[in-house]
Amino acid sequence: MTAALHRVHEFSWPLTQAAAAQAALERGEVVVLPGHGVTLEPDERPLLDADASDGRAKNISFDVSGDRIGGAALDSEKLETARRMMRRFAGWAQALVGSLAPGYAPALKLGKTSFRPCEVEGRALSPRKDDRRLHVDAFPSQPVQGRRILRVFANIDPEGRPRVWNVGEPFSAFAEHFAPKVGTPSAARARLAGALAFSKGRRTAYDQLMLGLHDTAKQDDAYQASAPRQQVGFPGGSSWVVFTDATLHAALKGQHALEQTFFLPVEAMAEPAASPLRVLERLTARRLA
Ligand code: SIN
Ligand code: FE
């Protein structure tokens, strides 16, 4: 049976309780801002079409610093419009995190921006790639070396349909269950696995363990069927912020979202002890990054 969870915390905008919002994030809750969203320009609205995606990648992704876009099937004019939309969203998301957690700003690094124009429900994917299954985020090609993964989402569905997620149990309980099953790799083995996967940057034992937790949880049918969860619908026009490396999540349903990824060193947190790096180091009695 599913236990009652309180994994989602609503705040109103403009934010008057930044410290409480940051504390909620660090506890692993999803910080939701109902009614605080992104408004599209008229020429951006036609982008809201599943055909904007090339159908191979799950999302259209954009690297703001390199101006590189991937996964899109758009003509050059629409491609430029998509770039502009995502550039603007990246700035918007940065400002949002700046008000929510001003202390993160000096250490926060901007990652990829994504545009998600495809319906999540009914997408046929292998269990390991299926984000409808509860998981924590870990990137095979991009090691984080212990840093946090912080993500800002905005529901831009023009019909206002909610994006529906399940949010799972606290990371410590999840890690206690799965870390012994995954086993802790040595630093050398993690580095070799990263080299074989052509990862960008050195893969640490932390990255290897997090990938193991991601894959093992998604492939565990019993866990997927019975793990504690809270279902939540993020309304059209809302935004939400979450450390997706620690907060178990599954996207069940919804179309048309923007997402911005950030990386944060654990030392920039008010409570570094709550980071997955420190939780896993306590559990394994090892230094992992
Ligand atoms: C995910 O990070 O698992 C997907 C979230 C989403 O697209 O809503
Ligand atoms: Fe995810």
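Phe153 stands opposite Glu259 in strand β11. Strands here are DSSP runs of E with at least two residues, helices are runs of H or I with at least four residues, and both are numbered from the N terminus. This is a predicted model, in which local features need pLDDT of at least 70 and side-chain atom pairs count only at pLDDT 80 or more, while totals for chains, interfaces and linings use all residues. Residues are numbered from 1 along each chain as its sequence is written, chains are lettered from A and ligands numbered from 1 in the order in which they are written, and side-chain values use heavy atoms, with hydrogens and water left out.

Back to the strands. Eight bridges join β6 (residues 148-155) to β11, and these two run antiparallel. β11 also pairs with β5 (residues 109-116), again in the antiparallel sense, over six bridges; to count as a pair, two strands need at least two bridges found by DSSP. Glu259 turns up here too, as the bridge partner of Ser114. How many of the eight residues of β11 are buried? Eight of eight are, so to speak, tucked away across residues 257-264, where buried means under 20% relative accessible area, exposed means over 50% and partly exposed is in between (1.4 Å probe, protein chains only). Both faces are covered, with Ala257, Glu259, Thr261 and Phe263 on one side and Leu258, Gln260, Phe262 and Leu264 on the other.

An N or O atom in the side chain of His249 is 3.2 Å from an oxygen atom of ligand 1. For Arg163, a polar side-chain atom lies 2.7 Å from an oxygen atom of the ligand, and for Trp165 the distance is 2.9 Å. Such polar contacts are pairs of N or O atoms within 3.5 Å; within protein, one must be able to donate a hydrogen and the other to accept it, and residues adjacent in sequence count only if both atoms are side-chain atoms.

Helix α3 (residues 171-182) has two sides to its story. Phe171, Phe174, Ala175, Phe178 and Ala179 are buried. They cover an arc of only 115 degrees around the axis, which puts them on the same side of α3; the arc is that of the directions from the helix axis to the C-beta atoms. Glu176, Pro180 and Lys181 are exposed on the other side. The buried residues pack against α5, α6 (221-226) and α7 (276-284), with contact meaning heavy atoms within 4.5 Å. Just after α3, Gly183 takes a positive phi of about 80 degrees.
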